[in-house]
Amino acid sequence: MNEWVPKKSIAAIPLNGLRTFEVVARYMSLKKAAEELNVTPSAVSHRLRVLERVLGCSLIRRQGAEMQLTENGRMLAPALSDGFETIVDAVGNLQPS
C-alpha cells in the first residue's frame, strides 16, 4: 500500500468514486460514463472531485472538453479495472441457495 494514503483512511475512500473513475478512464468522457452509471455528468464530475480530495491527488487533468489521466490516474485505472472484473467474475460464480 502506498504511504500517501494512510491505512485509516482506506475505509473513507468512496467505492462509487472508484467505480466512477474506472468508467471515466475507460471512456475518457463524462457523458459516456454518466450514461453507463445512470447518473448525470455533473454527478460524475462531483464523484471524481470527492475521490481526488479523499486520495489527495489528481487523477484526471481537464483541459476544456479534453481529459487526460495523470500519472496517478494511469496507475490506478488498470488496477481498478482488474479489481472490478474480479468482483464481477466472483459474483457470476455464486451458486443459488
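Me: Where is the place of Glu22?

Reply: Glu22 sits in helix H1. Keep in mind that this is a predicted model.

Me: Is Glu22 buried or exposed?

Reply: Read the relative accessible area. Buried means under 20%. Glu22 has 5% relative accessibility, so it counts as buried.

Me: Which side chain makes a polar contact with the side chain of Glu22?

Reply: That of Arg19, at 2.6 Å. The general idea is charge. Side chains of opposite charge can pair when their charged atoms come close. Here Arg19 and Glu22 form a salt bridge, with their closest N and O atoms 2.6 Å apart.

Me: Where do Arg19 and Glu22 lie?

Reply: First, the general idea. An α-helix has 3.6 residues a turn, so residues three or four places apart point the same way. Now the case. Both Arg19 and Glu22 belong to helix H1, three residues apart, which is about one turn of the helix.

Me: Is Arg19 buried or partly exposed?

Reply: Arg19 is partly exposed, because its relative accessible area is 29%.

Me: Which residue forms a salt bridge with Arg19 at 3.3 Å?

Reply: Glu36 does, with 3.3 Å between the closest N and O atoms. This pair links distant parts of the chain: Glu36 is in helix H2 and Arg19 is in helix H1, 17 residues apart. Glu36 is partly exposed, since its relative accessibility is 30%.

Me: Which residue forms a salt bridge with Glu36 at 3.1 Å?

Reply: Arg26, with the closest N and O atoms 3.1 Å apart. Again the pair links distant parts of the chain, with Glu36 in helix H2 and Arg26 in helix H1, ten residues apart. Arg26 has 42% relative accessibility, so it counts as partly exposed.

Me: Which residues do the shared partners join into one network?

Reply: Follow the partners from pair to pair. Arg19, Glu22, Arg26 and Glu36 are joined into one network. In this structure the count of salt bridges comes to five.

Me: What does Tyr27 touch, not counting residues up to four places away in sequence?

Reply: Tyr27 touches Lys32, Ala33 and Glu36. Tyr27 is found in helix H1. At 36% relative accessible area, Tyr27 is partly exposed. For a sense of distance, take Tyr27 and Arg53: they are 26 residues apart in sequence and 22 Å apart in space, C-alpha to C-alpha.

Me: Which residues in H1 are buried?

Reply: They are Gly17, Leu18, Thr20, Phe21, Glu22, Val23, Val24 and Ala25. The buried residues of H1 pack against H2, H3, strand S1 (60-63), S2 and H4.

Me: How many residues does H4 have, and what does it reach from its first C-alpha to its last?

Reply: H4 has 22 residues and reaches 32 Å, close to the 32 Å expected. Its buried residues are Gly73, Leu76, Ala77, Leu80 and Phe84. They pack against H1, H3 and S2.

Me: How many residues are in the largest nonpolar core?

Reply: Start with the general idea. In soluble globular proteins, nonpolar side chains tend to be buried together. Here the largest nonpolar core has 22 residues. Those with the most contacts inside it are Phe21, Val24, Val44, Leu51, Leu55, Leu59 and Ile60. At least two core residues come from each of helix H1 (15-27), helix H2 (30-37), helix H3 (41-55), strand S2 (66-69) and helix H4 (71-92).

Me: Which element gives the largest share of this core?

Reply: H1 does, with five residues.

Definitions and conventions. Residues numbered from 1 in each chain as written. Predicted model: local features only at pLDDT ≥ 70, side-chain atom pairs only at ≥ 80, totals over all residues. Heavy atoms only, no water. Core = buried A, V, L, I, M, F, W, Y, C linked by side-chain atoms within 4.5 Å. Buried < 20%, exposed > 50% of the residue type's maximum accessible area, 1.4 Å probe, protein only. Helix = DSSP H or I, 4+ residues; strand = E, 2+ residues; numbered from the N terminus. Expected span 1.5 Å × (residues − 1). Contact = heavy atoms within 4.5 Å. Polar contact = N/O pair within 3.5 Å; in protein donor to acceptor, adjacent residues only side chain to side chain. Salt bridge = Lys/Arg side-chain N within 4 Å of Asp/Glu carboxyl O.
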